[in-house]
Amino acid sequence: MNTPNAARAAAPGRLFYNGHFYTGRGYTAGALWAQGGRIRALGGAELAAAVPPGVPRTDLGGGWALPGFNDSHLHLLDVGRGMDAIDLFGARSPADIAARCRAFLRQNAVPPGRAVYGNGWNQDLFAGARALPTRECLDAAAPDNPLLLDRVCGHIMLCNTAALRAAGITRHTPDPPGGGIDRGPGGEPNGLLRDNAVALVRGLLEPETQAVCAARWRAAAARAAAHGLTGAQTCDVRSRDWRTVLPALQSLDEQGALPLRLTLQCAMDTPDDLRALWAAGYRPGAHGKRWKMGPLKLFLDGSLGARTAWLRGGYADAPGRHGLCCMPYPRALELARLADAAGMQVIGHAIGDGAVEEMLDIIAALNAPRGGANPLRHGVVHCQITAPGQWARLAALGAGALVQPIFLDYDHTIVAARCGKTLAATSYAFGTAVRRGVPVSYGTDAPVESLDPLRNLYAAVTRRPLAGGAPWQPDQAVTRAQALGCYTQGSAWQEFAEGEKGRLAPGYLADFTVLDRDYFSVPEHEIPALRVLRTVVGGEESYAAGG
Ligand SMILES: [Zn+2]
(Lines give C-alpha, C1' and ligand atoms only; values in the text may rest on other atoms or scores of the structure.)
Protein backbone atom coordinates (compact mmCIF):
# COMPACT_ATOMS: atom_id res chain seq x y z
CA MET A 1 0.00 0.00 0.00
CA ASN A 2 2.85 2.38 0.78
CA THR A 3 4.95 1.59 -2.27
CA PRO A 4 6.17 4.83 -3.86
CA ASN A 5 4.76 5.48 -7.32
CA ALA A 6 8.01 4.82 -9.18
CA ALA A 7 8.53 1.48 -7.50
CA ARG A 8 4.91 0.55 -8.15
CA ALA A 9 5.22 1.26 -11.87
CA ALA A 10 8.18 -1.09 -12.13
CA ALA A 11 6.54 -3.71 -9.91
CA PRO A 12 5.23 -6.87 -11.55
CA GLY A 13 1.64 -5.95 -10.76
CA ARG A 14 -0.95 -8.64 -10.20
CA LEU A 15 -2.80 -11.16 -12.30
CA PHE A 16 -6.49 -11.65 -11.60
CA TYR A 17 -7.61 -14.94 -13.14
CA ASN A 18 -10.57 -17.28 -13.26
CA GLY A 19 -12.99 -14.38 -13.75
CA HIS A 20 -15.26 -12.88 -16.37
CA PHE A 21 -14.46 -9.29 -17.40
CA TYR A 22 -17.10 -7.09 -18.97
CA THR A 23 -15.58 -5.28 -21.93
CA GLY A 24 -18.62 -3.41 -23.24
CA ARG A 25 -19.67 -6.16 -25.66
CA GLY A 26 -20.09 -9.13 -23.39
CA TYR A 27 -17.40 -10.68 -21.25
CA THR A 28 -13.86 -11.85 -21.81
CA ALA A 29 -13.49 -15.08 -19.92
CA GLY A 30 -10.16 -15.30 -18.23
CA ALA A 31 -7.65 -12.93 -16.78
CA LEU A 32 -6.68 -9.33 -16.23
CA TRP A 33 -3.08 -8.28 -15.67
CA ALA A 34 -2.79 -5.05 -13.69
CA GLN A 35 0.53 -3.24 -13.62
CA GLY A 36 1.42 0.25 -12.41
CA GLY A 37 -2.19 0.72 -11.33
CA ARG A 38 -3.50 0.21 -14.88
CA ILE A 39 -4.77 -2.63 -16.99
CA ARG A 40 -1.82 -4.01 -18.94
CA ALA A 41 -3.71 -6.81 -20.65
CA LEU A 42 -6.97 -8.75 -20.70
CA GLY A 43 -7.20 -12.23 -22.08
CA GLY A 44 -7.91 -15.90 -21.66
CA ALA A 45 -5.78 -18.84 -20.65
CA GLU A 46 -2.98 -17.68 -22.96
CA LEU A 47 -2.57 -14.50 -20.91
CA ALA A 48 -2.38 -16.39 -17.64
CA ALA A 49 0.27 -18.59 -19.22
CA ALA A 50 2.26 -15.66 -20.65
CA VAL A 51 2.47 -13.61 -17.45
CA PRO A 52 5.84 -14.20 -15.73
CA PRO A 53 5.67 -16.67 -12.86
CA GLY A 54 6.85 -14.06 -10.36
CA VAL A 55 3.67 -12.03 -10.75
CA PRO A 56 1.35 -12.49 -7.76
CA ARG A 57 -2.03 -13.97 -8.65
CA THR A 58 -5.58 -13.67 -7.35
CA ASP A 59 -8.21 -16.29 -8.10
CA LEU A 60 -11.55 -14.56 -8.72
CA GLY A 61 -13.42 -17.82 -8.24
CA GLY A 62 -15.43 -17.46 -11.43
CA GLY A 63 -16.74 -14.02 -10.39
CA TRP A 64 -18.14 -11.42 -12.78
CA ALA A 65 -16.12 -8.21 -13.04
CA LEU A 66 -17.63 -4.90 -14.14
CA PRO A 67 -15.85 -1.56 -14.54
CA GLY A 68 -15.78 -0.08 -11.02
CA PHE A 69 -18.88 1.76 -9.89
CA ASN A 70 -18.35 5.51 -9.67
CA ASP A 71 -21.01 7.46 -7.75
CA SER A 72 -21.33 10.88 -9.35
CA HIS A 73 -22.88 12.65 -6.39
CA LEU A 74 -22.97 11.79 -2.72
CA HIS A 75 -21.78 13.09 0.63
CA LEU A 76 -19.33 10.46 1.80
CA LEU A 77 -18.15 12.25 4.91
CA ASP A 78 -21.76 12.73 5.97
CA VAL A 79 -22.15 8.96 5.69
CA GLY A 80 -19.31 8.65 8.20
CA ARG A 81 -20.84 11.31 10.44
CA GLY A 82 -24.15 9.46 10.36
CA MET A 83 -22.40 6.34 11.64
CA ASP A 84 -21.66 8.31 14.87
CA ALA A 85 -25.06 9.98 15.14
CA ILE A 86 -28.54 9.11 16.37
CA ASP A 87 -29.90 6.79 13.69
CA LEU A 88 -33.41 7.90 12.78
CA PHE A 89 -33.72 6.06 9.46
CA GLY A 90 -37.03 4.25 9.21
CA ALA A 91 -38.49 5.83 12.38
CA ARG A 92 -42.23 5.12 12.37
CA SER A 93 -43.53 7.98 14.53
CA PRO A 94 -42.47 11.07 16.49
CA ALA A 95 -42.50 8.86 19.59
CA ASP A 96 -40.09 6.47 17.86
CA ILE A 97 -37.74 9.40 17.13
CA ALA A 98 -37.91 10.46 20.78
CA ALA A 99 -37.27 6.91 22.00
CA ARG A 100 -34.18 6.59 19.80
CA CYS A 101 -32.84 9.92 21.09
CA ARG A 102 -33.43 8.90 24.69
CA ALA A 103 -31.65 5.57 24.14
CA PHE A 104 -28.68 7.26 22.42
CA LEU A 105 -28.22 9.76 25.25
CA ARG A 106 -28.32 6.99 27.82
CA GLN A 107 -26.09 4.50 25.99
CA ASN A 108 -23.45 7.15 25.29
CA ALA A 109 -23.75 8.80 28.73
CA VAL A 110 -23.99 12.19 27.06
CA PRO A 111 -23.53 14.92 29.71
CA PRO A 112 -26.32 17.51 30.10
CA GLY A 113 -25.87 20.54 27.90
CA ARG A 114 -23.96 18.81 25.11
CA ALA A 115 -25.66 19.10 21.71
CA VAL A 116 -26.25 15.88 19.77
CA TYR A 117 -26.74 15.29 16.06
CA GLY A 118 -29.05 12.74 14.45
CA ASN A 119 -30.31 12.11 10.93
CA GLY A 120 -32.56 10.04 8.72
CA TRP A 121 -36.16 10.71 9.83
CA ASN A 122 -38.87 10.97 7.23
CA GLN A 123 -42.47 11.80 8.14
CA ASP A 124 -43.75 10.08 5.01
CA LEU A 125 -42.76 6.76 6.63
CA PHE A 126 -44.81 7.40 9.76
CA ALA A 127 -47.65 5.00 10.47
CA GLY A 128 -50.87 6.99 10.62
CA ALA A 129 -50.69 10.78 10.41
CA ARG A 130 -47.75 11.99 8.31
CA ALA A 131 -47.47 15.47 9.74
CA LEU A 132 -43.99 16.88 10.31
CA PRO A 133 -42.84 16.27 13.89
CA THR A 134 -42.28 19.30 16.13
CA ARG A 135 -40.10 20.08 19.15
CA GLU A 136 -42.70 19.00 21.71
CA CYS A 137 -42.25 15.35 20.80
CA LEU A 138 -38.59 15.52 21.90
CA ASP A 139 -38.69 17.61 25.05
CA ALA A 140 -39.49 14.86 27.55
CA ALA A 141 -36.78 12.60 26.09
CA ALA A 142 -34.12 15.31 26.03
CA PRO A 143 -34.90 18.25 28.30
CA ASP A 144 -31.26 19.29 28.74
CA ASN A 145 -29.45 18.32 25.55
CA PRO A 146 -29.93 20.33 22.36
CA LEU A 147 -30.95 17.88 19.62
CA LEU A 148 -30.26 18.67 15.97
CA LEU A 149 -32.02 16.07 13.86
CA ASP A 150 -31.70 16.23 10.09
CA ARG A 151 -34.51 14.94 7.96
CA VAL A 152 -33.33 12.24 5.54
CA CYS A 153 -32.95 14.82 2.76
CA GLY A 154 -30.72 17.14 4.81
CA HIS A 155 -32.92 20.12 3.96
CA ILE A 156 -34.99 20.36 7.12
CA MET A 157 -33.90 20.00 10.71
CA LEU A 158 -35.94 19.13 13.77
CA CYS A 159 -34.73 20.71 17.01
CA ASN A 160 -35.97 20.38 20.56
CA THR A 161 -36.74 23.31 22.83
CA ALA A 162 -33.28 23.07 24.44
CA ALA A 163 -31.67 23.65 21.04
CA LEU A 164 -33.82 26.66 20.19
CA ARG A 165 -33.14 28.13 23.59
CA ALA A 166 -29.38 27.57 23.36
CA ALA A 167 -29.33 29.18 19.91
CA GLY A 168 -31.46 32.11 21.06
CA ILE A 169 -34.21 31.46 18.49
CA THR A 170 -37.46 33.08 19.58
CA ARG A 171 -40.70 34.27 18.02
CA HIS A 172 -38.84 37.49 17.19
CA THR A 173 -36.10 35.80 15.14
CA PRO A 174 -36.63 36.60 11.45
CA ASP A 175 -36.37 33.94 8.73
CA PRO A 176 -32.88 34.17 7.18
CA PRO A 177 -32.61 34.54 3.37
CA GLY A 178 -33.11 31.16 1.69
CA GLY A 179 -34.25 29.61 4.96
CA GLY A 180 -37.35 29.20 7.08
CA ILE A 181 -38.20 28.94 10.79
CA ASP A 182 -41.49 27.07 11.05
CA ARG A 183 -43.87 28.48 13.62
CA GLY A 184 -46.82 27.12 15.57
CA PRO A 185 -50.25 28.72 15.75
CA GLY A 186 -49.12 31.21 18.41
CA GLY A 187 -46.10 32.33 16.35
CA GLU A 188 -43.58 30.44 18.50
CA PRO A 189 -40.90 28.49 16.56
CA ASN A 190 -42.01 24.85 16.51
CA GLY A 191 -38.52 23.34 16.17
CA LEU A 192 -38.39 22.90 12.38
CA LEU A 193 -35.69 24.80 10.50
CA ARG A 194 -35.49 24.76 6.72
CA ASP A 195 -32.36 25.03 4.58
CA ASN A 196 -30.38 28.20 5.39
CA ALA A 197 -32.06 28.51 8.81
CA VAL A 198 -30.13 25.43 9.98
CA ALA A 199 -27.03 27.64 10.22
CA LEU A 200 -28.65 29.26 13.29
CA VAL A 201 -28.18 26.09 15.36
CA ARG A 202 -25.26 24.24 13.76
CA GLY A 203 -22.75 26.08 15.93
CA LEU A 204 -24.16 24.27 18.98
CA LEU A 205 -22.44 21.06 17.92
CA GLU A 206 -18.89 20.53 19.11
CA PRO A 207 -16.48 21.34 16.29
CA GLU A 208 -15.18 18.21 14.58
CA THR A 209 -11.45 17.71 15.19
CA GLN A 210 -9.23 16.63 12.34
CA ALA A 211 -8.70 13.23 13.97
CA VAL A 212 -12.43 12.62 14.37
CA CYS A 213 -13.03 13.78 10.83
CA ALA A 214 -10.34 11.44 9.47
CA ALA A 215 -11.90 8.52 11.33
CA ARG A 216 -15.27 9.32 9.75
CA TRP A 217 -13.76 9.56 6.28
CA ARG A 218 -12.10 6.21 6.84
CA ALA A 219 -15.23 4.45 8.08
CA ALA A 220 -17.37 5.76 5.25
CA ALA A 221 -14.77 4.97 2.59
CA ALA A 222 -14.53 1.39 3.84
CA ARG A 223 -18.29 1.06 3.58
CA ALA A 224 -18.23 2.47 0.05
CA ALA A 225 -15.56 -0.03 -1.00
CA ALA A 226 -17.68 -2.84 0.44
CA HIS A 227 -20.50 -1.72 -1.85
CA GLY A 228 -18.21 -2.05 -4.85
CA LEU A 229 -17.46 1.62 -5.36
CA THR A 230 -14.05 2.34 -6.84
CA GLY A 231 -14.77 6.04 -7.15
CA ALA A 232 -17.05 8.68 -5.72
CA GLN A 233 -17.64 12.33 -6.49
CA THR A 234 -18.33 13.55 -3.03
CA CYS A 235 -19.75 16.85 -1.91
CA ASP A 236 -18.13 17.42 1.47
CA VAL A 237 -16.10 20.58 0.93
CA ARG A 238 -18.19 23.33 2.46
CA SER A 239 -17.53 26.91 3.47
CA ARG A 240 -18.00 26.13 7.13
CA ASP A 241 -15.51 23.34 7.68
CA TRP A 242 -13.21 22.67 4.70
CA ARG A 243 -10.21 23.69 6.78
CA THR A 244 -10.68 20.52 8.84
CA VAL A 245 -12.20 18.26 6.22
CA LEU A 246 -9.50 18.57 3.56
CA PRO A 247 -6.42 18.06 5.78
CA ALA A 248 -8.17 15.06 7.35
CA LEU A 249 -8.68 13.52 3.93
CA GLN A 250 -5.12 14.30 2.87
CA SER A 251 -3.71 12.62 5.96
CA LEU A 252 -5.53 9.40 5.07
CA ASP A 253 -4.44 9.59 1.46
CA GLU A 254 -0.82 10.06 2.45
CA GLN A 255 -1.04 6.94 4.63
CA GLY A 256 -2.41 5.00 1.66
CA ALA A 257 -5.62 4.49 3.62
CA LEU A 258 -8.16 5.54 0.97
CA PRO A 259 -9.79 2.48 -0.59
CA LEU A 260 -11.38 4.42 -3.47
CA ARG A 261 -10.77 7.50 -5.61
CA LEU A 262 -12.54 10.70 -4.61
CA THR A 263 -13.39 13.79 -6.61
CA LEU A 264 -14.33 16.67 -4.35
CA GLN A 265 -17.40 18.73 -5.16
CA CYS A 266 -17.15 22.08 -3.40
CA ALA A 267 -20.28 23.70 -1.99
CA MET A 268 -18.87 27.16 -1.31
CA ASP A 269 -21.35 29.87 -0.34
CA THR A 270 -19.63 33.07 -1.47
CA PRO A 271 -16.91 34.29 -3.85
CA ASP A 272 -14.69 35.06 -0.87
CA ASP A 273 -15.06 31.50 0.40
CA LEU A 274 -14.07 30.15 -2.99
CA ARG A 275 -11.05 32.44 -3.19
CA ALA A 276 -9.98 31.38 0.30
CA LEU A 277 -10.15 27.72 -0.73
CA TRP A 278 -7.95 28.42 -3.76
CA ALA A 279 -5.53 30.55 -1.74
CA ALA A 280 -4.98 27.55 0.55
CA GLY A 281 -3.80 25.54 -2.47
CA TYR A 282 -7.04 23.75 -3.33
CA ARG A 283 -7.33 25.14 -6.84
CA PRO A 284 -8.91 23.32 -9.76
CA GLY A 285 -6.49 20.57 -10.73
CA ALA A 286 -5.03 20.14 -7.23
CA HIS A 287 -4.89 16.49 -6.27
CA GLY A 288 -3.37 13.82 -4.07
CA LYS A 289 -2.86 10.14 -4.82
CA ARG A 290 -6.55 9.27 -4.70
CA TRP A 291 -8.34 12.59 -4.42
CA LYS A 292 -8.69 15.54 -6.74
CA MET A 293 -10.52 18.83 -6.65
CA GLY A 294 -13.80 18.78 -8.54
CA PRO A 295 -16.55 21.25 -9.41
CA LEU A 296 -18.11 24.12 -7.57
CA LYS A 297 -21.52 23.00 -6.36
CA LEU A 298 -24.31 25.54 -6.10
CA PHE A 299 -27.22 24.83 -3.75
CA LEU A 300 -30.20 26.24 -5.63
CA ASP A 301 -33.16 24.72 -3.79
CA GLY A 302 -34.17 22.20 -1.14
CA SER A 303 -35.92 18.83 -1.38
CA LEU A 304 -39.27 17.53 -2.51
CA GLY A 305 -39.95 15.56 0.68
CA ALA A 306 -39.44 18.69 2.80
CA ARG A 307 -41.43 20.84 0.31
CA THR A 308 -38.41 23.08 -0.12
CA ALA A 309 -37.72 22.12 -3.75
CA TRP A 310 -38.50 25.20 -5.83
CA LEU A 311 -41.61 24.57 -7.95
CA ARG A 312 -42.57 27.40 -10.30
CA GLY A 313 -46.24 26.44 -10.20
CA GLY A 314 -46.32 25.87 -6.44
CA TYR A 315 -47.13 22.78 -4.36
CA ALA A 316 -50.32 20.95 -5.20
CA ASP A 317 -50.57 19.79 -1.57
CA ALA A 318 -49.55 23.09 0.08
CA PRO A 319 -51.31 25.92 -1.77
CA GLY A 320 -49.39 29.18 -1.90
CA ARG A 321 -46.03 27.53 -1.27
CA HIS A 322 -43.32 27.30 -3.92
CA GLY A 323 -40.41 25.94 -1.91
CA LEU A 324 -37.14 27.82 -1.55
CA CYS A 325 -34.83 29.55 -3.96
CA CYS A 326 -31.71 29.08 -1.83
CA MET A 327 -29.39 31.14 -4.03
CA PRO A 328 -30.98 33.86 -6.15
CA TYR A 329 -29.82 34.06 -9.76
CA PRO A 330 -27.50 37.12 -9.54
CA ARG A 331 -25.63 35.69 -6.55
CA ALA A 332 -25.39 32.23 -8.05
CA LEU A 333 -24.19 33.61 -11.37
CA GLU A 334 -21.51 35.74 -9.73
CA LEU A 335 -20.12 32.70 -7.95
CA ALA A 336 -20.40 30.54 -11.06
CA ARG A 337 -18.59 33.15 -13.19
CA LEU A 338 -15.71 33.29 -10.74
CA ALA A 339 -15.31 29.51 -10.93
CA ASP A 340 -15.74 29.36 -14.70
CA ALA A 341 -13.08 32.02 -15.24
CA ALA A 342 -10.65 29.87 -13.25
CA GLY A 343 -11.43 26.81 -15.37
CA MET A 344 -13.55 25.23 -12.65
CA GLN A 345 -16.59 23.16 -13.53
CA VAL A 346 -19.92 24.25 -12.00
CA ILE A 347 -22.78 21.97 -11.02
CA GLY A 348 -26.04 23.00 -9.40
CA HIS A 349 -28.28 21.15 -6.97
CA ALA A 350 -31.69 21.54 -8.59
CA ILE A 351 -34.67 19.37 -7.64
CA GLY A 352 -37.67 21.55 -8.55
CA ASP A 353 -38.32 22.84 -12.06
CA GLY A 354 -37.66 26.40 -10.85
CA ALA A 355 -34.15 25.51 -9.72
CA VAL A 356 -33.53 23.42 -12.86
CA GLU A 357 -34.43 26.46 -14.98
CA GLU A 358 -32.14 28.66 -12.89
CA MET A 359 -29.20 26.29 -13.42
CA LEU A 360 -29.89 26.03 -17.14
CA ASP A 361 -29.91 29.84 -17.32
CA ILE A 362 -26.57 29.92 -15.47
CA ILE A 363 -25.00 27.39 -17.81
CA ALA A 364 -26.30 29.29 -20.85
CA ALA A 365 -24.88 32.55 -19.49
CA LEU A 366 -21.47 31.00 -18.74
CA ASN A 367 -21.21 29.47 -22.20
CA ALA A 368 -22.60 32.37 -24.21
CA PRO A 369 -19.16 33.96 -24.83
CA ARG A 370 -17.98 30.56 -26.19
CA GLY A 371 -20.76 30.32 -28.71
CA GLY A 372 -22.65 27.95 -26.44
CA ALA A 373 -19.92 25.32 -26.15
CA ASN A 374 -19.67 23.67 -22.73
CA PRO A 375 -16.00 22.66 -22.39
CA LEU A 376 -16.07 22.75 -18.58
CA ARG A 377 -19.01 20.32 -18.58
CA HIS A 378 -21.21 22.38 -16.31
CA GLY A 379 -24.20 20.32 -15.23
CA VAL A 380 -27.29 19.80 -13.13
CA VAL A 381 -27.44 17.61 -10.03
CA HIS A 382 -30.72 15.75 -9.31
CA CYS A 383 -32.83 17.24 -12.11
CA GLN A 384 -35.95 15.57 -10.75
CA ILE A 385 -39.02 17.71 -11.31
CA THR A 386 -38.77 18.71 -14.92
CA ALA A 387 -41.25 20.58 -17.11
CA PRO A 388 -41.66 19.76 -20.80
CA GLY A 389 -38.75 21.18 -22.77
CA GLN A 390 -36.23 21.22 -19.94
CA TRP A 391 -34.48 18.00 -21.00
CA ALA A 392 -34.33 19.27 -24.57
CA ARG A 393 -32.72 22.45 -23.30
CA LEU A 394 -30.27 20.48 -21.19
CA ALA A 395 -29.32 18.41 -24.25
CA ALA A 396 -28.91 21.55 -26.38
CA LEU A 397 -26.60 23.07 -23.75
CA GLY A 398 -24.47 19.91 -23.67
CA ALA A 399 -24.86 19.85 -19.90
CA GLY A 400 -24.41 16.74 -17.78
CA ALA A 401 -27.16 15.39 -15.52
CA LEU A 402 -26.09 13.81 -12.23
CA VAL A 403 -29.18 11.82 -11.27
CA GLN A 404 -30.29 9.33 -8.60
CA PRO A 405 -32.75 6.73 -9.97
CA ILE A 406 -33.08 5.21 -6.47
CA PHE A 407 -34.90 8.38 -5.33
CA LEU A 408 -37.94 7.00 -7.12
CA ASP A 409 -38.22 4.25 -4.54
CA TYR A 410 -39.65 6.78 -2.10
CA ASP A 411 -40.52 9.75 -4.31
CA HIS A 412 -43.00 7.83 -6.45
CA THR A 413 -45.26 7.83 -3.38
CA ILE A 414 -45.28 11.63 -3.07
CA VAL A 415 -44.47 13.18 -6.45
CA ALA A 416 -48.00 13.43 -7.83
CA ALA A 417 -49.32 14.84 -4.55
CA ARG A 418 -46.53 17.42 -4.30
CA CYS A 419 -46.41 18.56 -7.93
CA GLY A 420 -49.73 17.59 -9.42
CA LYS A 421 -50.22 14.87 -12.00
CA THR A 422 -49.24 16.94 -15.05
CA LEU A 423 -45.81 17.97 -13.85
CA ALA A 424 -45.22 14.55 -12.27
CA ALA A 425 -45.77 12.97 -15.69
CA THR A 426 -42.72 14.73 -17.16
CA SER A 427 -40.51 14.31 -14.08
CA TYR A 428 -37.80 11.73 -13.29
CA ALA A 429 -37.50 11.39 -17.06
CA PHE A 430 -34.14 9.65 -16.88
CA GLY A 431 -34.86 7.43 -19.88
CA THR A 432 -35.65 10.48 -22.00
CA ALA A 433 -32.37 11.98 -20.83
CA VAL A 434 -30.33 9.01 -22.02
CA ARG A 435 -32.19 8.79 -25.32
CA ARG A 436 -31.68 12.49 -25.99
CA GLY A 437 -27.96 11.99 -25.62
CA VAL A 438 -27.59 13.97 -22.39
CA PRO A 439 -24.42 12.84 -20.57
CA VAL A 440 -26.11 11.14 -17.62
CA SER A 441 -24.28 9.85 -14.57
CA TYR A 442 -25.66 8.00 -11.58
CA GLY A 443 -25.22 8.57 -7.89
CA THR A 444 -27.05 7.93 -4.64
CA ASP A 445 -26.75 11.24 -2.77
CA ALA A 446 -25.82 9.06 0.24
CA PRO A 447 -26.60 9.38 3.11
CA VAL A 448 -29.96 10.40 1.63
CA GLU A 449 -30.02 6.89 0.14
CA SER A 450 -27.82 3.88 0.82
CA LEU A 451 -24.44 3.82 -0.96
CA ASP A 452 -25.54 0.61 -2.69
CA PRO A 453 -25.13 0.89 -6.49
CA LEU A 454 -27.07 -2.30 -7.19
CA ARG A 455 -30.31 -0.95 -5.75
CA ASN A 456 -29.77 2.16 -7.83
CA LEU A 457 -29.24 0.12 -11.01
CA TYR A 458 -32.36 -1.88 -10.21
CA ALA A 459 -34.41 1.32 -9.91
CA ALA A 460 -33.06 2.63 -13.22
CA VAL A 461 -33.73 -0.60 -15.08
CA THR A 462 -37.13 -1.51 -13.61
CA ARG A 463 -38.60 1.77 -12.27
CA ARG A 464 -40.10 -0.46 -9.56
CA PRO A 465 -39.96 0.04 -5.78
CA LEU A 466 -37.53 -2.24 -3.94
CA ALA A 467 -40.41 -3.71 -1.96
CA GLY A 468 -42.05 -4.75 -5.23
CA GLY A 469 -45.10 -3.39 -6.98
CA ALA A 470 -45.95 -1.77 -10.26
CA PRO A 471 -43.31 0.22 -12.13
CA TRP A 472 -43.60 4.01 -12.13
CA GLN A 473 -43.50 5.42 -15.67
CA PRO A 474 -41.96 2.25 -17.12
CA ASP A 475 -41.31 4.01 -20.43
CA GLN A 476 -38.53 5.88 -18.60
CA ALA A 477 -36.64 2.64 -17.84
CA VAL A 478 -33.26 2.08 -19.48
CA THR A 479 -31.45 -1.11 -20.47
CA ARG A 480 -29.00 -2.77 -18.09
CA ALA A 481 -26.12 -1.75 -20.35
CA GLN A 482 -27.29 1.87 -20.42
CA ALA A 483 -27.67 1.93 -16.62
CA LEU A 484 -24.21 0.45 -16.08
CA GLY A 485 -22.84 2.92 -18.62
CA CYS A 486 -24.26 5.83 -16.60
CA TYR A 487 -22.66 4.48 -13.41
CA THR A 488 -19.25 4.01 -15.01
CA GLN A 489 -18.56 5.87 -18.28
CA GLY A 490 -21.15 8.56 -17.54
CA SER A 491 -19.64 9.24 -14.13
CA ALA A 492 -16.16 9.23 -15.66
CA TRP A 493 -17.24 11.85 -18.23
CA GLN A 494 -18.62 14.03 -15.47
CA GLU A 495 -15.14 14.20 -13.93
CA PHE A 496 -13.17 14.44 -17.22
CA ALA A 497 -11.82 10.93 -16.71
CA GLU A 498 -13.46 8.99 -19.55
CA GLY A 499 -10.01 8.31 -21.03
CA GLU A 500 -8.97 6.22 -18.03
CA LYS A 501 -12.06 5.27 -16.03
CA GLY A 502 -15.33 3.51 -16.75
CA ARG A 503 -14.10 0.72 -19.04
CA LEU A 504 -12.08 -2.43 -18.75
CA ALA A 505 -9.51 -2.03 -21.50
CA PRO A 506 -5.70 -1.89 -21.71
CA GLY A 507 -4.36 1.45 -20.51
CA TYR A 508 -7.38 2.16 -18.32
CA LEU A 509 -7.08 2.24 -14.54
CA ALA A 510 -7.35 -1.22 -13.04
CA ASP A 511 -10.53 -0.34 -11.13
CA PHE A 512 -13.20 -3.01 -11.09
CA THR A 513 -15.94 -4.61 -9.05
CA VAL A 514 -16.40 -8.38 -8.94
CA LEU A 515 -19.94 -9.67 -8.42
CA ASP A 516 -20.98 -13.21 -7.53
CA ARG A 517 -23.24 -13.53 -10.58
CA ASP A 518 -23.75 -11.93 -13.97
CA TYR A 519 -25.51 -8.57 -13.70
CA PHE A 520 -26.71 -8.93 -17.28
CA SER A 521 -28.41 -12.30 -17.02
CA VAL A 522 -29.82 -12.66 -13.50
CA PRO A 523 -33.60 -12.12 -13.30
CA GLU A 524 -34.38 -8.44 -12.90
CA HIS A 525 -35.64 -8.76 -9.33
CA GLU A 526 -32.33 -10.29 -8.25
CA ILE A 527 -30.19 -7.30 -9.25
CA PRO A 528 -30.34 -5.74 -5.76
CA ALA A 529 -29.29 -9.09 -4.26
CA LEU A 530 -26.08 -9.42 -6.31
CA ARG A 531 -23.14 -9.67 -3.93
CA VAL A 532 -19.91 -7.72 -4.22
CA LEU A 533 -17.10 -10.28 -3.87
CA ARG A 534 -14.19 -7.93 -4.43
CA THR A 535 -13.41 -4.31 -5.13
CA VAL A 536 -10.13 -3.55 -6.87
CA VAL A 537 -8.69 -0.04 -7.24
CA GLY A 538 -5.50 0.56 -9.18
CA GLY A 539 -4.87 -3.18 -9.24
CA GLU A 540 -4.97 -3.34 -5.45
CA GLU A 541 -7.71 -5.06 -3.53
CA SER A 542 -9.66 -2.54 -1.44
CA TYR A 543 -12.40 -4.91 -0.34
CA ALA A 544 -12.90 -8.67 -0.29
CA ALA A 545 -16.05 -10.37 0.97
CA GLY A 546 -15.35 -12.17 4.20
CA GLY A 547 -11.77 -10.87 4.07
ZN1 LIG B 1 -26.48 16.01 -2.37
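1. The second largest cavity has a volume of about 50 Å³. A cavity here is a set of points, on a 1 Å grid over the protein atoms alone, where a 1.4 Å probe fits but cannot get out; grid points are joined across faces, edges and corners, and a volume is the space filled by probe spheres set on the points. This is a predicted model, in which local features need pLDDT of at least 70 and side-chain atom pairs count only at pLDDT 80 or more, while totals for chains, interfaces and linings use all residues. Residues are numbered from 1 along each chain as its sequence is written, and side-chain values use heavy atoms, with hydrogens and water left out.

2. Lining that second largest cavity are L408, D409, H412, A459, R463, R464, P465 and W472 (lining residues have an atom within 4 Å of a point). By class, four of them are nonpolar, one is polar and three are charged. In this scheme Ala, Val, Leu, Ile, Met, Phe, Trp, Tyr, Cys and Pro count as nonpolar, Asp, Glu, Lys and Arg as charged, and the others, Gly among them, as polar.

3. The count is two cavities of 30 Å³ or more.

4. The domain assignment gives domain 1 (5-62 + 507-544), domain 2 (90-151 + 155-202) and domain 3 (208-494); the bounds come from an automatic or database assignment. Contact between domain 1 and domain 3 (heavy atoms within 4.5 Å) takes 24 residues from domain 1 and 23 residues from domain 3.

5. Domain 1 and domain 3 bury about 1800 Å² between them, 63% of it on carbon and sulfur atoms. Buried area is the accessible area (1.4 Å probe) that two parts lose on being put together, summed over both. In domain 1, Y519, E524 and P528 lose the most area to domain 3, together 31% of what that side buries.

6. Two salt bridges cross this interface of domain 1 and domain 3 (a side-chain nitrogen of Lys or Arg within 4 Å of a carboxyl oxygen of Asp or Glu). R290 forms a salt bridge with E540, with the closest N and O atoms 3.5 Å apart.

Note on methods. 1 Å grid on protein atoms, 1.4 Å probe; cavity = no way out; pocket = protein on both sides within 12 Å on 5 of 7 lines; lining within 4 Å.
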